[in-house]
Amino acid sequence: MMTRSSRTFTRLAGIFIFSKLTLFSYAGAYAQEPQQAAVQWAISATENELLGLKALRGNDPVTALKYFEKTYEIDPSMGSAAFYAALSSAKSGHVDTAFSWLEKALQAKYTGVNKIKNSKDLDVLHGDKRWNPLLLQFEAIVKADADFWDGSTWKTPYKTVLTEDERIAGLSRVWSEVKYNFVFVDKLVSLDWDGVYFRYLPKIRAATSNDEYYKLLAEMVALLGDGHTNVYPSQEDYEKYYTKPLIYTELMEGRVILRWVGDPAMLKEGIARGDEVISVNGIPVREYMEKSLGHLISAGTTQDKNVRLYQYQFLSGPIDEKLVLVCRDKNGVEKSVKIGRVTNKERNEILTWSQYDFQMIEGNIALVKLNSFADMEIAKFFLSDFEKIAKAKALILDVRENGGGNANVGFEILRTLTPEAFPTSRASVRHYRSASRIQYGLNTEFTYPTYRISPSKQYQFAGPVIVLTAAQTFSAAEDFVVAFKNMKRGLVVGGYTAGSTGQPLSFDLPGGGSARVCSKKDTFPDGVEFVGKGVAPDIEVYRMVKDFRTKRDTVLQAAIAELTRPAGK
């Protein structure tokens with residue numbers, strides 16, 4: 001091993017994975033194009049806005065303003081176009097015009113107040129007496145908008161037992177937000193979502209504890225089969241009903257294998273990493289997990305459900321409950337042990353993992369583990385190591401344990417792998433308009449133009465690249481894999497990804513609970529679906545139990561073999 005750098009600063013997530021994609025906010029997301037001799041209008045408002053953004057990033061605010069004016073003319077509700085028009089005007093030195101466009105943005109109820117505050121191009125307006133009063137009006141709009149959609153009415157204090165009214169209100173809000181925001185309308189139709197509400201109403205009324213209530217909500221939402229549509233209990237109930245033992249497991253070859261053991265009773269019995277859990281409280285382990293939690297898991301694929309059941313939520317339950325496990329070692333020797341659960345805080349303080357790790361491995365191959373896209377710092381770590389990475393014969397990017405975050409983090413890394421612009425996924429959202437419903441009764445969709453990421457001018461790696469994937473590759477990490485495949489830059493080796501990404505809309509529930517609904521559907525640019533299926537690897541290979549026990553990484557070795565394979569073989 002020649003070089004290694006690792007960043008460990010985030011604790012292992014508990015029972016739930018919070019992953020979200022920042023929708024179309026990437027500062028370098030649009031490829032620069034040669035300036036056109038004349039403005040050429042696009043058909044839709046969105047496409048004209050994109051052309052304006054390209055012109056603005058190409059330092060042509062005059063042309064940009066024309067596109068933003070056209071956008072606003074087509075759709076005056078697009079406050080973002082008015083904001084960018086103000087930006088273009090300010091950049092051109094037209095202060096009064098900039099204020100005029102900000103007024104239009106205010107009328108359109110544009111809520112990007114932080115963009116207004118932080119834009120350097122608007123600094124020229126700060127000394128004007130109109131600036132502060134206008135800023136206060138924008139802040140008032142943001143607050144009013146937030147209060148309308150998720151106001152204090154829903155932020156009721158925690159109670160050990162929620163009232164019947166609070167439980168019904170929570171059920172009703174989940175039903176409503178799903179009905180109007182869940183992007184996969186065909187599922188709502190096939191389930192008869194209104195009928196689901198009425199079936200769960202008497203169950204919610206009859207719930208005698210918060211635990212029962214939240215499990216009923218989770219069970220209802222799980223019917224949708226989507227990994228970005230979930231219900232979360234209050235923090236107090238989470239600590240009471242959703243704790244886990246000091247172990248970490250994974251489903252390998254259909255068997256529940258211990259990846260880490262920290263429970264004192266298990267360590268005393270000599271139960272160790274690589275041993276298999278075969279039963280819980282006298283019930284075969286997979287049967288136990290399916291009965292206790294299987295119906296509560298929101299997942300669109302079998303592989304994602306297995307990750308949640310046998311890794312993230314394995315043996316999750318009340319902190320005061322004891323469990324009897326039977327484990328089997330590599331020699332077939334079985335041992336029974338009684339264990340308990342610990343607080344989530346205690347477990348998370350022990351179970352830490354690296355979000356980023358770089359090392360040079362045999363064959364002059366750079367191995368970069370990207371275990372999260374939660375922070376742009378991860379991309380900065382990669383760029384800080386780039387001088388060493390650039391000297392490698394080949395590069396392996398490992399996203400097998402990446403639960404997502406912000407797709408822009410991954411795109412920043414992918415920009416270093418090609419001199420050409422490359423497309424991301426194609427995104428669609430529901431396009432609900434009450435007037436259209438009155439006239440036509442339609443559930444229409446709006447599909448955004450496919451976005452292209454511009455290459456990095458400063459960093460470029462030209463050698464062979466392989467991306468490693470697994471069922472844990474989720475959300476923004478899947479956006480990363482889709483974009484990598486679009487680039488045709490190298491192979492994907494490993495397992496199918498989780499098959500779940502999108503833009504979740506989050507909201508509060510009475511008593512400190514919360515929920516989220518997937519509001520965006522992503523596909524490959526040509527319309528090929530991966531949500532509900534997973535992104536397929538080019539070379540399918542999975543971790544083997546025998547290799548895990550000897551600390552041999554089955555998937556990594558397959559990638560190395562591919563990179564070192566003689567040409568023509």
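Start with Tyr232 and select its bridge partner in E21, Ser514. This is a predicted model, in which local features need pLDDT of at least 70 and side-chain atom pairs count only at pLDDT 80 or more, while totals for chains, interfaces and linings use all residues. Residues are numbered from 1 along each chain as its sequence is written, and side-chain values use heavy atoms, with hydrogens and water left out.

A word on labels: helices (H or I, at least four residues) and strands (E, at least two) are DSSP runs, numbered from the N terminus. Two strands pair if DSSP finds at least two bridges between them.

Now select strand E21, residues 514-518, together with E3; the two pair in the antiparallel sense over 3 bridges. Contact means heavy atoms within 4.5 Å.

**Second stop: the sheet E16-E15-E22**

Select E16, E15 and E22. They form an open sheet of 3 strands in the order E16-E15-E22, with antiparallel pairing. At the edges are strand E16 (445-447) and strand E22 (520-523), each pairing on one side only. On average, neighbouring strands of this sheet are turned by 25° against each other, direction ignored. Zoom in on strand E15, residues 426-430, which joins E22 in the antiparallel sense over 4 bridges. Pick Arg426: its bridge partner in E22 is Thr523.

Move to strand E4, residues 247-252. It runs antiparallel to E5, and 6 bridges join the two. Click Glu250, which stands opposite Ile257 in E5. Stay on Ile257: it also stands opposite Glu276 in E6. Strand E6 covers residues 276-280 and pairs with E5 in the antiparallel sense over 2 bridges.

How enclosed is E5? In strand E5 (residues 255-261), 5 of the 7 residues are buried, so the strand is largely enclosed by the rest of the structure. Buried means under 20% relative accessible area, exposed over 50%, and partly exposed in between (1.4 Å probe, protein chains only).

The hairpin of E4 and E5 has 2 residues between the strands. Select Glu253 in that loop. Its phi is near 50°, a positive value in a residue other than glycine. Glu253 is partly exposed, with a relative accessible area of 46%.

Compare Leu315, in the loop between helix H14 (302-312) and strand E8 (323-328). Its phi is near 65°, again positive in a residue other than glycine. Leu315 is buried, with a relative accessible area of 1%.

Select residues 79-91. These are the 13 residues of helix H3, which at 1.5 Å a residue should span 18 Å; the end C-alpha atoms are 18 Å apart, which agrees. The expected span is 1.5 Å times one less than the number of residues.

Of those 13 residues, 11 are buried, so H3 is largely enclosed by the rest of the structure. Among the buried ones are Phe83, Tyr84 and Leu87. What covers them? Show helix H1 (45-57), helix H2 (61-74), helix H4 (95-107) and helix H5 (113-118), which are part of the cover over the buried residues of H3. Just after H3, pick Gly93, which takes a positive phi of about 85°.

**Last stop: the whole chain**

Zoom out. The chain holds 22 helices and 23 strands. Its C-alpha trace spans about 80 × 65 × 45 Å along the principal axes. Of its 569 residues, 54% count as buried. Among contacts between residues at least 6 apart in sequence, 73% join residues at least 24 apart.

Conventions: Axes are lines fitted to C-alpha atoms, for helices over the stretch in contact, and angles run from 0 to 180 degrees between N-to-C directions.
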